[in-house]
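This briefing is written for reading beside the sequence and the coordinates.

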Amino acid sequence: MAVSGKTRNMLEGLVKDGSFKWLLGKKSYFDEEFEEMENSPSAGRNWISELSPVANLVVRRCSKILQISSRELQESFNYEASDSIKHPTQYARNFLEYCCFKALSLSTRMTGHLFDKTFRRLTFDMMLAWETPAAASQPLTNKVDEDVSVGLEAFCRISPAIPIIANVIISETLFEVLGSSTGGRLQFPVYDKYLSGLERAVRKMKSNSESSLLSAMRSSRGEKILEIDGTVTTQPVLEHVGISAWPGRLILTDHALYFEAHRVVSYDKPKRYDLSDDLKQVVKPELTGPWGTRLFDKAVLYSSVSLSEPAVFEFPELKGHARRDYWLAIIREILNVHKFISKYRMKGVARDEALWKAVLGILRLQAIQDISSSIPIQYDTLLMFNLCDQLPGGDLILEALANMPNLRDSDHDNDARAGSGMNSISALDMVSNLGFVFGTSPTNSNENRIAVGEISVGEMTSLERAVKESKNNYKKVVSAQATVDGVKVDGIDTNLAVMKELLFPLNELLKSLKSLADWDVPWKSTWFCLFFSYIIYRGWLGYAAALVLIFISVFMIITRYFGLGSPVVEFKVIAPPPMNTMEQLLAVQNAVSQAEQLIQDGNIILLKFRGLLLSIFPQATEKSAFALLSTALILAFVPSKYIVLLVFLEVFTAYSPPRKASTERWARRLREWWFSIPAAPVILERDKEEKKKK
């Protein structure tokens, strides 16, 4: 069958106007494929009118992988997809996703697919086509291969379909790292370099896991070695025990952390620190230094209920603590995935799937380190379980992840749906074809194969919705934190000035209440006393509090309504005169002295109460006991509203003209009685270990 005239003219026009010159500076496989398509008798049948030229070529390559024609792929999509997915406005993109997921599902089951240059280019071209899927899309022209790039949305949609490259949770952060050097767009050379780094990380992991390292200890659980450090004598890992440090080799597996102390020609028997059992483990950064000092922020502390004292591992380096931060992140990722497994009681295939998600995250982190050593990396943001531990609503992301079909052993009936191409593949499905045998689950058997991934054609999964909502909330948190950082000021005097201005309305309110309580203006105090006494007597205190809250909420709503769109009114504070260094030191010393005085006064009050409770001073104790007994009887037999009314009248009328003299006299007697109570004795003893050190 010959190519139709309309189709041939379209193809020839695309070649002449240079629409495909952006693919490669020289003749590319797309050019060859284009020429082949032009001369093919079936070109008319394989050209989908709804798709753009680049999308047509990607679909054609997918059809070759699947060994069916593009038209047959379209017929299959039209039969399987729902009406909402086939809506004309989204038809081209959804059909393209269907072809991509279906082809990737087959391609990733081929051993060594990650190392195939053709596979790498195909996945990148899928992202290019995703950005311009429809026939009406603007073609990318007049560009060379090095300039061709893809955006965030295309990367976050296609890359999670290959679980080793990315996943839904970290894809956005990964794209920001990869595109940081190319203006926020991802170019193929950077993408190819990243996949090469992944290839090396996979080979390294396979080599370490197949070696004899810790073979006796790892065999029972089939543990995989993820990272080793300390093998180079110039970069040891130091284990701190007491005031001494011993160099050695640190090994992380998917279940535990091992340390082997270095001897003259070999290593000691490894110490095992379990990350998989619920031992209340804590992993955090730690300060270390010579002879037990705390000087250098380059160590990781591991503690659990199974250890009598925490284990501390130091990662010496000349500048910074990036090496420590990397190990801290990957140890926490393994610990967090086991907490996730334990929380949702995962077993068998579901457990292996969750573990592989964490392992793939560490492999991606190793690949990023390999290609961007000069770029500072926030390691936790590239590891999904660590990221969920930090994101607002991260627990909801993990809940959505746990409820996905690919983490439920009972949902093997989803295989048929996933095999249709409406869903991407799972992590366990893919990595089993990289040559790994993981855990104890028979991952290579068809009946236990998990085939449902994290994304679905034309719709957002529950996991994607949870991630999107969490990321939006995180942006609000970041924006709010930026305002917090922007209003921070330096200096004790300046901060006190800001606080004084902020508390000005409250201070004025307290001054007004004090003026009423002091009866400075008798008629105002009289009306205030009568008004609140009536409210208390009628039992309307709850209504009064509710009325105050309603007033505040109405004020806030009115302020928002009338202030909508207007600039934010800045809070102005008159800055105090600047202080030199000596004045600042004196201010700090004065503040410390005042704080010490407050603590001393608090201790004296507590010691006096101790003396009263233990009857160290019988006469004072008898008076206190009688007062407490009288109070207890009043609370037991008098209605609460009358008690509140009596307390209010006692406090508020204490300095009224008729009672002022007697109040001052009773206050003086109470102070004299309190000062007459001696404090309970205290003896300071030094700790035995402190005595030995001295």
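The buried residues of α15 pack against α12 (322–343), α13 (348–371), α14 (384–390) and α18, where helices (H or I, at least four residues) and strands (E, at least two) are DSSP runs numbered from the N terminus. These buried residues are G394, I397, L398, A400, L401 and A402, with buried meaning under 20% relative accessible area, exposed over 50% and partly exposed in between (1.4 Å probe, protein chains only). This is a predicted model, in which local features need pLDDT of at least 70 and side-chain atom pairs count only at pLDDT 80 or more, while totals for chains, interfaces and linings use all residues. Residues are numbered from 1 along each chain as its sequence is written, and side-chain values use heavy atoms, with hydrogens and water left out.

**Helix α15 against helix α18**

- Helix α15 (residues 394–402) and helix α18 (residues 462–487) pack with their axes 8 Å apart and at an angle of about 170 degrees; axes are lines fitted to C-alpha atoms, for helices over the stretch in contact, and angles run from 0 to 180 degrees between N-to-C directions.
- The helices α15 and α18 are therefore roughly antiparallel to each other, given that angles over 145 degrees count as roughly antiparallel, under 35 as roughly parallel, 65 to 115 as roughly perpendicular and the rest as oblique.
- On the α15 side the residues are G394, L396, I397, A400 and L401, and they meet S462, L463, A466, V467 and S470 in α18, contact meaning heavy atoms within 4.5 Å.
- By class, the contact of α15 with α18 has seven nonpolar, three polar and no charged residues; Ala, Val, Leu, Ile, Met, Phe, Trp, Tyr, Cys and Pro count as nonpolar, Asp, Glu, Lys and Arg as charged, and the others, Gly among them, as polar.

- W519 is found in the loop between α20 (504–517) and α21 (522–538), and it counts as buried because its relative accessibility is 14%.
- The phi of W519 is near 60 degrees, a positive value in a residue other than glycine.
- Most residues other than glycine have a negative phi.

**K280 in a loop between strands**

- K280 also has a positive phi, of about 55 degrees, although it is not a glycine.
- The place of K280 is in the loop between β7 (271–274) and β8 (282–288), and at 58% relative accessibility K280 counts as exposed.
- K280 touches S303, S304 and V305, not counting residues up to four places away in sequence; the C-alpha atoms of K280 and S303 are separated by 8.1 Å, although these residues are 23 apart along the chain.

**Two buried residues with partners elsewhere in the sequence**

- V237 is in strand β4 (residues 237–241) and counts as buried, at 0% relative accessibility.
- Leaving aside residues up to four places away in sequence, V237 touches several residues, including D229, W246, L250, F259 and R323.
- F313 is also touched by V237, and the two are 76 residues apart in sequence and 6.5 Å apart in space, C-alpha to C-alpha.
- I371 lies in helix α13, counts as buried at 17% relative accessibility, and touches L178, K193 and Y194, again not counting residues up to four places away in sequence.
- The C-alpha atoms of I371 and L195, which are 176 residues apart along the chain, are separated by 9.9 Å.

**The recorded transmembrane regions**

- An unreviewed UniProt entry lists residues 540–562 and 625–649 for "transmembrane region"; UniProt positions are given in the numbering used here, feature names are shortened, and annotations may be inferred rather than shown by experiment.
- Over residues 540–562 the chain is 96% helix and 0% strand, with the end C-alpha atoms 33 Å apart.
- Over residues 625–649 the chain is 92% helix and 0% strand, with the end C-alpha atoms 25 Å apart.

**The whole chain**

- The protein has 27 helices and ten strands, and 43% of its 694 residues count as buried.
- Among contacts between residues at least 6 apart in sequence, 66% join residues at least 24 apart.
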